[in-house]
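Open the model in your viewer and keep the selection tool ready. We will go from stop to stop.

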Amino acid sequence: MMDDHDSDDYDDNGSDYENVPDQIQEFILNLRKSIIERNVYDIQALYENNFNKLTEMYYKSEPWPNENVVKMIIDSNEKDDFIFLVLYKDLYFRHYYSLDGEIPTEIRLKSFFNYCELFNYILTKNIEPLELPNQWLWDIIDEFIYQFQSFTAFKAKAAELSLEDKENINKPNVWNVHAVLNVLYSLVDKSNINQQLREFNNGRDPDLVAGEYGRLIFYKMLGYFSLIGLLRLHCMLGDYYLAIKVLENIDLNRQQLQSMAISRVLACQVTTFYYVGFAYMMMHRYSDAIRTFSNILVYMQRTKPIYNYRTFQMEMIEKQTDRIYRLLAICLALHPQRIDESIMNQVEEKMHDSFIKLRSGDIKEFKSVFKQSCPKIVSFMANNISYRHQIKIFLEEVEQQQKLLEIRSLLKFYTTMTIEKLASIIEIPPEELNRYLLCFKHKMQNYSSTKQLDEFQSGSDVDFYIDKVIDFIFLFVSHFEFK
């Protein structure tokens, strides 16, 4: 649980009560009423439709009315309206972060303390349970992690900040990574979501292990979304093994998302497959990465006509989808294999020239595409050192495979050939070619998750064996000399 904090009153820099349009006042009053009555249907309509339409009309380039103004509109009894005001501020701060320009330090801090109040309320025992639509629950977790990442990037530039800002951002536990992790793991624990998923996977009733809170859809969904949040956060911290590990009870191949009503939150689905695929790619598990990316892209193709009319976040989802296509192109260049024909056509159409360069081993193109498509890395130091280190690790893997890409392209044109001939074509000594051939075999062996077990297997579209015994012995000895 996070440290609580009594938020200071906002500076009087919002819209005055008299200047707030009638439609905005009506929205605020209706939202309050719906939250108090726990009317999820009305909350969803207000959240997904009205809020965005009103933002476009009145607050496209400025903040919504602040807390003090809202209190005047609802004639607030602060004790009774505590959770409504916390949820309204969630919308207020999220919109503030979406505006152009630098986010003031004060806003970053007040948003953090608002999250403290929200999560402390949710994680407190014996409370009246909330009712919120799944989309809002997902957005709470998603924005929480985004604002943490934004704060760490802001803090890394501390040398450019004023003395007052430096003191404020260095307060104990303010947007601290351990506090963020603690919230997500606490939500997972309170919901018993892992226990529920294990029961679900074994064909049993999850409610038997859900506990008092896990039976409530509010906590169940928050727990599930927190698992996805942990996946994302561990990827951003560079721990790809742990990122995959936190989802060990989620089988993405079993349509589990639909069974838990997650399919209503498309942004959650796309985020899940994007980060899982990226983690697999960085662990050199290219077959798993390709399968993961392909699965979500096929799903998106089939459901796009539906979701174009159902979600207010299509622009963000389409950007994420484009990043998935780029990552898929990288994986296919490093580990060619057959995929769904319609997805392959889309890769070649969207990235025609770029895909050709990737398959030819163009290091600059790999670097460019990677930078366009990789997630933001949390950096606790100036100059984005963590991000640059990430790129360096990735390019080292590409450089190791650069000569292999050339060898693979040549092998496609021959059924048999001597090692000496192949070596002469690519202009390297035969003994060096033997090492590359061994490396080729090694790189094509991927640790892959199958339906039965995790195992090493080759997914390459090109394979070979060395016919002569003497050549095989030489290859074997060269391996040990190379090592």
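Which residue lies over the face of Phe154? Select Arg108: it is placed 4.3 Å from the centre of that ring. Keep in mind that this is a predicted model.

Now select Lys190 and Tyr213. The charged end of Lys190 is positioned over the Tyr213 ring, 4.0 Å from the ring centre.

**The whole chain**

Zoom out and switch to cartoon. The protein has 23 helices and two strands. Of its 483 residues, 52% count as buried. Take the contacts in the protein with a separation of 6 or more: 72% of them come from residues 24 or more positions apart. The accessible area is about 24,000 Å², and carbon and sulfur atoms make up 49% of it.

**Aromatic rings**

Show Phe, Tyr and Trp side chains. There are 27 aromatic pairs in the structure. One of them joins Phe84 and Tyr88; the pair is tilted, with 6.4 Å centre to centre and 35 degrees between the planes. Both residues sit in helix α4 (residues 82–98), and because they are four residues apart there, about one helical turn separates them. Is Phe84 buried or exposed? Phe84 is buried, since its relative accessible area is 1%, under the 20% cut-off. Tyr88 is also at 1%, so Tyr88 is buried by that cut-off.

Next, select Phe112, Phe113, Tyr115, Phe119, Phe144 and Trp175. Ring pairs connect these residues into a cluster.

**The nonpolar cores**

Colour nonpolar residues. In soluble globular proteins, nonpolar side chains tend to be buried together. The largest nonpolar core here contains 138 residues. Which residues have the most contacts inside it? They are Trp136, Met281, Ile330, Phe366 and Phe394. A separate core of eleven residues lies apart from that one; among its members are Leu411, Ile419, Ile426 and Leu437.

Centre on Phe366. Leaving out residues up to four places away in sequence, Phe366 touches Ile330, Ala333, Leu334, Leu358, Gly361, Phe394, Leu395, Val398 and Leu405.

**Cysteines**

Last stop: select the cysteines. How many disulfides does a search of the whole structure find? The search finds zero. Cys116 has 0% relative accessibility and therefore counts as buried. Cys374, at 10% relative accessibility, counts as buried too, because the cut-off is under 20%.

Terms used
Residues numbered from 1 in each chain as written. Predicted model: local features only at pLDDT ≥ 70, side-chain atom pairs only at ≥ 80, totals over all residues. Heavy atoms only, no water. Disulfide = S-S within 2.5 Å. Buried < 20%, exposed > 50% of the residue type's maximum accessible area, 1.4 Å probe, protein only. Contact = heavy atoms within 4.5 Å. Areas by Shrake-Rupley, 256 points an atom, 1.4 Å probe, with all protein chains shown as cover. Phe/Tyr/Trp six-rings, centres within 6.5 Å; stacked < 30°, edge-to-face > 60°. Lys NZ or Arg CZ within 6 Å of the ring centre and 35° of its normal. Core = buried A, V, L, I, M, F, W, Y, C linked by side-chain atoms within 4.5 Å.
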